[in-house]
Amino acid sequence: MAVTTPKTKRNLIEVARQLFAKKGLDSTTMNEIAEASGYGRRTLYTYFKNKKDVYRAVIGSELEKLYSALEDVIKRSLPADDKLMMFTFSRLSIIKEVVTRNGTLRADFFRDIWLVENVRKEFDKKEIKYLETILADGCKSGVFDVNDTAKTAEILHFALKGLEVPVIRGVLNLRLDKNEDREIVYNLIFKGLNRSC
């Protein structure tokens, strides 16, 4: 269940996101966020201790959009293998969209990756649970034969995380609507590299 954020705080986060995207994290001040929001410094400091706190909230807000979209995939009535493929491609395309739509913030994403990773911890746990659910459903329906769904979900999660930077930077262009891409990923995930499959 998503945590509801007060409207004022959501507005402050969105104003900060836009300023960070346009000017970058270092070039944006708390005064500018307060002024652009129309709320003032007192309100801004009611919700946030400092700019790093605002930045964490921006990252968290963007990740909420990602995991909301992934939750929609989980709720779909699809065979587990199709759901896993949709999850994989949706996840990669959404993370690319989230990072690239934020302009200058994109550079900050890569520069301060440890802060981003710290914010992502709870979201990563959610994603592993989503993957575990797909795998368990696939095992129940006979689509998958997985001995340890929890460990397999963790491995899939970290494999997908490893693909993020190449996809974001455009080095690896995977598209759900492209049959060749779906087939490559499908074969790798479901058949592995074993010739006998």
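Biologist: How many salt bridges does the structure hold?

Modeller: This is a predicted model, and the structure in it holds 13 salt bridges. For the chain as a whole the mean pLDDT is 84, with 87% of the residues reaching 70 or more.

Biologist: Which elements have the lowest and the highest mean pLDDT?

Modeller: Helix α6 (residues 105–111) has the lowest, at 60, whereas helix α2 (residues 30–37) has the highest, at 95.

Biologist: Which parts of the chain does the pair of K126 and E64 link?

Modeller: The side chains of K126 and E64 meet in a salt bridge, at 3.5 Å from N to O, and the pair links distant parts of the chain, with K126 in helix α7 (residues 113–140) and E64 in helix α4 (residues 51–75), 62 residues apart.

Biologist: Why does K126 count as partly exposed?

Modeller: Partly exposed lies between the buried limit, under 20% relative accessible area, and the exposed limit, over 50%. K126 counts as partly exposed because its relative accessibility is 28%, and E64 counts as partly exposed at 29%.

Biologist: Is E127 buried or exposed?

Modeller: E127 counts as buried, at 0% relative accessibility, and R91 is buried too, with a relative accessible area of 0%. E127 forms a salt bridge with R91, in which the closest N and O atoms are 2.4 Å apart. Because E127 lies in helix α7 and R91 in helix α5 (residues 80–100), the pair ties together parts that are 36 residues apart in sequence.

Biologist: Where do E122 and K125 lie?

Modeller: Both lie in helix α7, three residues apart, which is about one turn of the helix, and their side chains meet in a salt bridge of 3.2 Å, N to O. E122 is exposed, with a relative accessible area of 52%.

Technical notes. Residues numbered from 1 in each chain as written. Predicted model: local features only at pLDDT ≥ 70, side-chain atom pairs only at ≥ 80, totals over all residues. Heavy atoms only, no water. pLDDT = per-residue confidence, 0-100. Helix = DSSP H or I, 4+ residues; strand = E, 2+ residues; numbered from the N terminus. Salt bridge = Lys/Arg side-chain N within 4 Å of Asp/Glu carboxyl O. Buried < 20%, exposed > 50% of the residue type's maximum accessible area, 1.4 Å probe, protein only.
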